[in-house]
Amino acid sequence: MKGNDDNYEVNLFDLVDRYSIFKIKEIRFKDSEAITKEIVAIEDKISAVLSKKEIMINGDLISKLIVIALTNFEVWDLKERLDTESELYFEHLEHALELNIIRNHYSNKLMKDFNEFDISREKVTSLHNKTIEEKKWYKTFMNSFNR
Amino acid sequence: MGCNTYKLNELLDRLIINQLKIFKKKDPNDSHIRSLNNIVNSIDKRINDRSSILTVDVIDYIYTLVYVNSEIWNLRDQMINENGQFNEHMKKSHQLNALRNLLKINIEATLGSRNVKGLDISNYDMEDLKGWNINTLNKL
């Protein structure tokens, strides 16, 4: 095998996730030409993939996209507050990690919806041991808002 | 569709705000979850007739609506909890609400009834909104 093979392709979920992050950057770092350029480039890539996949829209898909966007945004916000609200450092950090678990759970689902799920790309969906986790708010959310 | 049903754009907005409440308060109580599931069912009913496929513009409108709602929530929090910048935060929140309304019109036109006349949305003048020179605005 040649050393310069590049077969590990970016999947649609990764593009959609990256798009969400850059849209947050666009809002937070105002007027950045480089960010806008990257957003346009990601949009082109997403469009190219979608033109081959023809994914139907439904409420379930929309709600997963909202979860990805919201959890990314909230985690971004909480990480900013780690610096400014040091007395709440561990509270904010745990909250961010919990949101990340939710994000991972719906990321795995979206990869399945996009027909690109692979066990090697599966994201971690636990933060504590099972006994503790079953009582956590994010597990309740994931178990009950689970269509 | 009668006047006693929500349009798709309104359902989407409520779905975002309901999720936002759960994530902020870490409180997925039965009422919130029931509401989320009912909203998703209603969205399905609106979309099923249309056979719409996912496009990058749809993702863009959804993401931007999420971020506008989140920013408005943060500004309202700051209005309550921070002294000294009430008017500034209030104005920005008002301007972002106009952007939110514009996005909702576009979502309805793209995914919903496509008849956006008569939508109960009056304010979409963003005045001199600064710091939101986002790419999405070119599509609206």
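**Before you start.** The model is predicted: local features need pLDDT of at least 70, side-chain atom pairs count only at pLDDT 80 or more, and totals for chains, interfaces and linings use all residues. Residues are numbered from 1 along each chain as its sequence is written, while chains are lettered from A and ligands numbered from 1 in the order in which they are written.

**Stop 1: chain A.** Helices here are DSSP runs of H or I with at least four residues, strands are runs of E with at least two, and both are numbered from the N terminus. The C-alpha trace of chain A spans about 45 × 40 × 40 Å along its principal axes. Of its 147 residues, 33% count as buried. Buried means that 20 or more other C-beta atoms, placed from the backbone, lie within 10 Å of the residue's own.

**Stop 2: α1 and α2.** Select residues 12–28 and 33–53 of chain A. These are α1(A) and α2(A), which pack at an angle of about 155° with axes 10 Å apart. Axes are lines fitted to C-alpha atoms, for helices over the stretch in contact, and angles run from 0 to 180 degrees between N-to-C directions. The two helices are therefore roughly antiparallel, a label for angles over 145 degrees. Now show side chains. On α1(A), the meeting residues include Leu15(A), Tyr19(A) and Phe22(A). On α2(A), Ile39(A), Ile42(A) and Ile46(A) are among them. Contact means C-beta atoms, placed from the backbone, within 7 Å. This contact has 10 nonpolar, one polar and seven charged residues. Ala, Val, Leu, Ile, Met, Phe, Trp, Tyr, Cys and Pro count as nonpolar, Asp, Glu, Lys and Arg as charged, and the others, Gly among them, as polar.

**Stop 3: α4 and α6.** Move to α4(A) and α6(A). Their axes come within 9 Å and cross at roughly 20°. They are therefore roughly parallel, the term for angles under 35 degrees. Select Glu98(A), Ile101(A), Ile102(A) and His105(A) on α4(A), then Tyr138(A), Phe141(A) and Met142(A) on α6(A); these make the contact. By class, there are five nonpolar, one polar and one charged.

**Stop 4: chain B.** The contact takes 42 residues from chain A and 37 from chain B. Which helix of chain A gives the most to this side? Select α3(A), residues 59–84. It gives the most, with 13 residues. By class, the side of chain A that touches chain B has 23 nonpolar, 10 polar and nine charged residues.

Conventions
Parallel < 35°, antiparallel > 145°, perpendicular 65-115°, else oblique. Contact = placed C-beta atoms within 7 Å. Buried ≥ 20, exposed ≤ 12 C-beta atoms within 10 Å, placed from the backbone.
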